[in-house]
Number of protein chains: 4
Amino acid sequence: MTNQKIKECIDACLACMMACNHCATECLKEDNVKMMAKCIQSDMECAALCRSAAELMSLGSNYSKVLCKICADACNTCADECEKHAEMGMEHCKECAEACRRCAEACEQIAKAA
Amino acid sequence: MTNQKIKECIDACLACMMACNHCATECLKEDNVKMMAKCIQSDMECAALCRSAAELMSLGSNYSKVLCKICADACNTCADECEKHAEMGMEHCKECAEACRRCAEACEQIAKAA
Amino acid sequence: MTNQKIKECIDACLACMMACNHCATECLKEDNVKMMAKCIQSDMECAALCRSAAELMSLGSNYSKVLCKICADACNTCADECEKHAEMGMEHCKECAEACRRCAEACEQIAKAA
Amino acid sequence: MTNQKIKECIDACLACMMACNHCATECLKEDNVKMMAKCIQSDMECAALCRSAAELMSLGSNYSKVLCKICADACNTCADECEKHAEMGMEHCKECAEACRRCAEACEQIAKAA
């Protein structure tokens with residue numbers, strides 16, 4: 001890959017996409033699925049944006065930065081939601097929130113880069 | 001596109017993917033989300049396979065046929081699940097079931113083609 | 001789907017994504033592939049953004065509008081490139097340019113909507 | 001994630017998808033693009049299948065195994081093509097071939113698992 005920062009951000013985006021997909025699937029197995037509805041919705045949107053940001057970065061696209069900016073926002077929104085359930089002991093939400101925060105940070109660095 | 005049958009199948013796959021995404025999002029707004037959990041899971045899997053089948057067909061790939069075979073199976077599974085809720089009056093499940101059956105049929109024709 | 005304008009835009013995005021994939025594959029079969037390099041690159045980036053915009057719209061996401069704005073830009077860039085080859089008689093570029101312009105217009109309407 | 005083997009396979013698929021996208025983009029910058037046409041085509045197909053396999057595994061889908069089997073095949077085909085150019089000193093093809101072989105091996109293990 002062209003440079004280390006982009007490579008790290010791609011990895012963070014892909015890890016986050018997978019954590020979101022996994023979280024959505026596990027949320028659907030919870031007893032109180034209704035409580036998880038907003039979380040599943042954020043998971044699906046965040047996964048779509050992470051995939052897109054990673055794809056554009058891997059293509060060396062000029063759209064990478066603007067996608068990373070949007071992706072960082074979606075990641076933080078998803079993390080906010082997951083953290084509520086993480087506090088209640090849901091491991092998939094805890095893992096997802098952590099992946100989202102790491103991805104948001106990596107994306108913000110790309111978005112801000114000169 | 002290379003030929004009419006493939007073009008129609010791509011369209012059926014994309015329509016099905018979108019119907020599945022829409023159905024998942026609407027299921028999450030239902031009062032009894034728990035009842036919809038299996039439906040949302042099928043929606044997510046079916047959408048992933050429809051996207052993949054459409055993408056490979058548009059690339060003229062030799063893997064198109066084998067993907068269409070798997071996609072037809074996932075579509076029928078998703079339709080079976082959606083039809084249960086369609087009978088109860090859920091419009092998004094009715095639309096999704098119909099898109100799934102159309103896609104399954106189109107995919108089976110591609111999978112069987114010489 | 002929630003409303004007609006969004007549905008039309010999703011359709012335009014998916015048609016454009018498929019036209020871009022098909023154009024890239026056909027460009028690779030041309031005698032002078034080097035002349036098509038920029039076109040193939042635009043095709044890949046445009047396809048990635050169309051897929052993402054369509055996916056977020058189908059999920060009813062609040063990120064739909066901002067993605068549509070970026071997607072419109074990528075579509076117009078891709079159309080500019082394809083039109084150069086369309087003038088030289090390449091049918092896949094002509095079809096792709098038309099799909100890109102239609103998609104750009106649909107996306108701009110969504111991006112501007114109140 | 002549910003278990004270590006699946007997690008490793010998801011990682012291998014995502015690394016391979018990104019290596020394929022990067023390889024395609026770099027191939028387009030080579031002097032003799034025509035010589036790379038088959039490589040770019042394999043890259044695009046392989047990337048699509050890697051993404052799909054990773055997505056289905058992250059969703060815990062029953063279709064994971066069959067997708068992994070197809071993905072392993074596409075990875076080996078892409079590696080065969082990339083290795084020809086790797087011998088001529090193209091670094092992106094060398095990296096891509098390695099990522100493809102690792103992914104093929106990981107996918108074969110999942111496909112064969114009881």
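**Interface between chain A and chain C**

In this predicted model, 11 residue pairs, both members at pLDDT 80 or more, are in polar contact across the interface of chain A and chain C (a pair of N or O atoms within 3.5 Å, one able to donate a hydrogen and the other to accept it, with residues adjacent in sequence counted only if both atoms are side-chain atoms). On the side of chain A that touches chain C, α2 (37-58) and α3 (64-86) each supply at least two residues (helices being DSSP runs of H or I of at least four residues, numbered from the N terminus). The largest share of that side, 9 residues, comes from α2(A). By class, the side of chain A comprises 10 nonpolar, 5 polar and 4 charged residues.

Contact, defined as heavy atoms within 4.5 Å, joins 19 residues of chain A to 19 residues of chain C. The buried area, about 1600 Å², is contributed to 62% by carbon and sulfur atoms (accessible area, 1.4 Å probe, lost on putting the two parts together and summed over both). In chain A, E45(A), L59(A) and Y63(A) lose the most area to chain C, together 36% of what that side buries.

The interface also holds 2 salt bridges (a side-chain nitrogen of Lys or Arg within 4 Å of a carboxyl oxygen of Asp or Glu). One salt bridge links the side chains of R51(A) and E55(C), at 2.6 Å from N to O.

A rotation of 180° with 0.0 Å of shift along its axis superposes chain A on chain C, with an RMSD of 0.0 Å (least squares on C-alpha atoms of residues with pLDDT of at least 70 in both). This is the relation of a two-fold axis. In chain A, the C-alpha nearest the axis belongs to S52(A), 3.1 Å from it. Because 100% of the interface residues of chain A are also interface residues in chain C, the copies meet through the same surface.

Residues are numbered from 1 along each chain as its sequence is written, and chains are lettered from A in the order in which they are written. Local features need pLDDT of at least 70 and side-chain atom pairs count only at pLDDT 80 or more, whereas totals for chains, interfaces and linings use all residues; side-chain values use heavy atoms, with hydrogens and water left out.

Note on methods
Nonpolar A, V, L, I, M, F, W, Y, C, P; charged D, E, K, R; others polar.
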